[in-house]
Amino acid sequence: MTRFRVDLALLAVAAVWGSSYLAIKESAVPTGVFGFLAVRFTLAAVLLAVLMARRLRRITRAELVSGSLFGVILAVICITETYGVTRTSASNAGLIMALTVVITPLLARGGTPALFYVPAAMVVLGCVLLTQSGGFAPPGAGDALIALAAVVRALHITVMARRPGIVDPAAVTLVQLCTVSVLTAVPAAMLGQSDAVLDMSLRQWALTGYLAIACTVFAFGLQVWAVRRSTPARVALMLGTEPVWAVLIAVGLAGESLTMIGLLGAAMVLAGTQWGRAVETKPGACAPLPAGIGARSPTISRGGRWRSCR
């Protein structure tokens, strides 16, 4: 039942993040990315601080350190992802981000079944076809930035799994959000992007509010909670359903379309993600946490102690 709840939580995160690509596409502009992110993460940090006001004094030094580290990595993810989305389609962005499924087990250093890399290769090939759907040429700048964001997200997942001392996931999330807010507000001020923020329409502000509340406070807080109760590869695979939601929302709400080559690539990404998840969850396929955590299973019981994966 614990594993079911963790998987369900990660699927909810994937669905929300899948909707974020279109929201970013509709609200951010290339010349105002830092200002947009500063507003998004400042709103999110203020909201979360209000929700956990009574617990602010109990944030530990370990949570401050971990949250700051996670926040630096998260800032890189959001900057590259946001710039990437402004230069490619929302459906492309969501599908290319599935590369996280391939990269995370490599960073986890062992414990992943050899068969896992067959569907992983399928995901990579699918992303290649997707980026070449308009004709074979070097991938666009937006596609390349999203691929970079996928690499950094895999690092984010792995680092979160390695860090000890996280007692309060909400506290760690708050520190993460504050860190990203500062790291984006400073360059936004230096680049003079405050005007872009002031010129945002009511619709853009509404979408930014959605990104701050649902895609930031809710999603990242839930991710911090779930990643401590699962394996890095399993987390990446559950979050790998994100492209399904991204495509459904982009096609259904924004009217985006894919060529036949693009559709083939999308099908390979989605099929490879689900096949990889099935391989990773077979009995005996539980991967250990990365080096530094210990030889015990990464699945945590309700009482917080390590227990067997199966």
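**Stop one: a threonine**

Select threonine 104 and look at its side chain, which reaches the backbone oxygen of threonine 100 at 2.9 Å. What you have open is a predicted model, in which local features need pLDDT of at least 70, side-chain atom pairs count only at pLDDT 80 or more, and totals for chains, interfaces and linings use all residues. Residues are numbered from 1 along each chain as its sequence is written, and side-chain values use heavy atoms, with hydrogens and water left out.

Threonine 104 belongs to helix 5, residues 100-108. Helices here are DSSP runs (H or I, at least four residues) and strands likewise (E, at least two), numbered from the N terminus. Is threonine 104 buried or exposed? Its relative accessibility is 0%, so threonine 104 counts as buried (under 20% relative accessible area; exposed is over 50%, partly exposed in between, with a 1.4 Å probe and protein chains only).

**Stop two: zoom out**

Now show the whole chain as a cartoon. You'll find 13 helices and zero strands. Of the 310 residues, 56% are buried. Take contacts (heavy atoms within 4.5 Å) between residues at least 6 apart in sequence: 89% of them join residues at least 24 apart.

**Stop three: helices 3 and 8**

Next, select residues 61-85 (helix 3) and 169-190 (helix 8), which pack at about 50° with their axes 7 Å apart. Axes are lines fitted to C-alpha atoms, for helices over the stretch in contact, and angles run from 0 to 180 degrees between N-to-C directions. The pair is therefore oblique (under 35 degrees is roughly parallel, over 145 roughly antiparallel, 65 to 115 roughly perpendicular, the rest oblique).

Show side chains where they meet: on helix 3, Phe70 and Leu74 are among the residues involved, and on helix 8, Val175 and Leu183 are among them. By class, this contact has 11 nonpolar, six polar and one charged residues (Ala, Val, Leu, Ile, Met, Phe, Trp, Tyr, Cys and Pro are nonpolar; Asp, Glu, Lys and Arg charged; the others, Gly among them, polar).

**Last stop: helices 1 and 10**

Finally, pick residues 2-27 (helix 1) and 202-227 (helix 10), packed at about 155° with axes 9 Å apart. That makes helix 1 roughly antiparallel to helix 10. Their contact divides into 20 nonpolar, six polar and three charged residues.

Key
Polar contact = N/O pair within 3.5 Å; in protein donor to acceptor, adjacent residues only side chain to side chain.
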